[in-house]
Amino acid sequence: MSPTSSIEMLAPNEVTTDSRVNTRPADRAWAQRKHREGYDERRIGVPTVSARADGTYVWLDGQNRGALSERAGRGDERIAMKVFRGLDLAGEAELFLGLNDNRRVALIYKFAAEVTARRPEAVAISRIVADFGWAVSDAGNPNNIAAVAALGTIHRSSTPPGGTLSSVLSILTEAWGHTQEAVTAPVLLGLASVLNDCPGLNPASLTKKLAKHDGGAASLLGKGRGFRTATGCTVTLGVDQVIRIIYNTGRRTGRLHTWGPPPAGPSSPQQ
């Protein structure tokens with residue numbers, strides 16, 4: 001049966017959230033701020049929800065306005081809502097993405113909804129990340145990767161997609177385990193840059209040298225920032241060059257091209 005929609009009167013308190021669909025948490029600070037400005041039911045508009053077969057209603061668009069209604073003590077008052085029936089979980093997530101397409105939804109929350117909606121790239125990235133014991137999340141756990149834009153860029157950088165991303169995560173995980181410093185965007189992108197530019201590189205050798213690098217991933221990132229300060233390059237390109245220098249150490253053959261160490265003396269940093 002195809003999904004249908006109708007305008008129905010529902011109370012915000014009757015509607016719940018599903019983190020697989022409502023991947024962006026309700027903005028309680030916004031609700032409190034708007035409440036201080038004065039509650040006006042006319043500004044609530046017509047939120048959109050999904051009516052599930054088990055009788056529950058899930059926010060698709062308008063959960064912040066629902067939070068505002070609750071904050072104003074109006075959560076039990078019925079208002080007009082657009083109610084969709086017959087949506088599956090993927091359909092709910094796809095509609096959430098469409099309804100919030102022009103709003104400031106953080107990339108990581110958009111990515112989570114894309115996984116629920118089974119969009120191919122998001123699903124593929126999520127699977128590759130999981131293969132190495134990581135999860136795409138901003139929860140701050142040691143095995144979380146929050147650099148969603150970097151993951152997407154790296155995934156698309158190889159043909160077929162995903163090869164470079166798998167190599168990057170394999171090397172970083174084996175060298176440093178599951179640590180937040182290992183999966184910052186500059187480190188991820190810097191290593192991907194080296195791998196894509198140097199197909200003859202020995203991954204096992206690089207992994208061992210990174211594992212032995214004094215200071216680990218944090219030191220690598222710090223030296224990448226040093227390159228930016230000294231040369232005006234990006235931090236990512238600085239990390240790329242530091243990785244090449246580490247790889248070349250002690251090698252007589254198969255050395256990678258570099259600029260050499262950062263030049264001495266002050267330079268204007270590039271932000």
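**Stop 1: colour by confidence**

Keep in mind that this is a predicted model, so begin by colouring the chain by pLDDT. The average over the protein chain is 89, and 93% of the residues score at least 70. Which helix has the highest confidence, and which the lowest? Helix α7 comes out on top with a mean of 98, while α1 (residues 28-37) is lowest at 76. Now select residues 262-271: pLDDT stays under 50 there, and the model has 15 contacts beyond four places in sequence for this stretch.

**Stop 2: the largest nonpolar core**

Next, show side chains in the largest nonpolar core, which has 44 residues. The largest share, seven residues, comes from α7.

Zoom in on Leu188 and bring up its surroundings. Beyond its neighbours within four places in sequence, Leu188 is in contact with Ile145, Ala147, Ala150, Leu151, Ile154, Val168, Leu169, Leu172, Ala182 and Val183.

There is also a second, separate core to look for. This one has 15 residues, among them Ile44, Ala51, Trp59 and Ala72.

**Stop 3: α6 against α7**

Select α6 (residues 148-155) and α7 (residues 163-176) together. Their axes are 7 Å apart and the packing angle is about 125°, so the two helices are oblique to each other. Where do they meet? On the α6 side, show Leu151, Ile154 and His155; on the α7 side, show Thr164, Leu165 and Val168. Sorted by class, this contact has four nonpolar residues, two polar ones and no charged ones.

**Stop 4: the link between them**

Stay where you are and select Pro160, in the loop between α6 and α7. What kind of peptide bond joins Thr159 and Pro160? A cis one, with omega at about -5°.

**Stop 5: α4 against α5**

Now move to another helix pair. α4 and α5 pack at an angle of about 100°, and their axes are 8 Å apart. That angle makes the two helices roughly perpendicular. Show Phe111, Glu114 and Val115 in α4, then Ala122, Val123, Ile125 and Ser126 in α5, and you have the residues that meet. Five of the residues in this contact are nonpolar, one is polar and one is charged.

Click on Glu114, which sits in α4. Is it buried or exposed? Glu114 has a relative accessible area of 18%, so it counts as buried. Leaving out residues up to four places away in sequence, Glu114 touches Leu97, Arg119 and Ala122.

**Stop 6**

Slide along to Arg118, in the loop between α4 and α5. Its phi is positive, at about 60°, although this residue is not a glycine. Arg118 has a relative accessibility of 56%, so it counts as exposed.

**Stop 6: a covered helix**

Just after α2, you can find Gly73, with a positive phi of about 75°.

**Stop 8**

Finish with Thr179, in the loop between α7 and α8. With a relative accessible area of 27%, Thr179 is partly exposed. Not counting residues up to four places away in sequence, Thr179 touches Trp134 and Pro142.

Notes
Residues numbered from 1 in each chain as written. Predicted model: local features only at pLDDT ≥ 70, side-chain atom pairs only at ≥ 80, totals over all residues. Heavy atoms only, no water. Axes fitted to C-alpha atoms, helices over the stretch in contact; angles between N-to-C directions. Helix = DSSP H or I, 4+ residues; strand = E, 2+ residues; numbered from the N terminus. Parallel < 35°, antiparallel > 145°, perpendicular 65-115°, else oblique. Contact = heavy atoms within 4.5 Å. Nonpolar A, V, L, I, M, F, W, Y, C, P; charged D, E, K, R; others polar. Core = buried A, V, L, I, M, F, W, Y, C linked by side-chain atoms within 4.5 Å. Buried < 20%, exposed > 50% of the residue type's maximum accessible area, 1.4 Å probe, protein only. pLDDT = per-residue confidence, 0-100.
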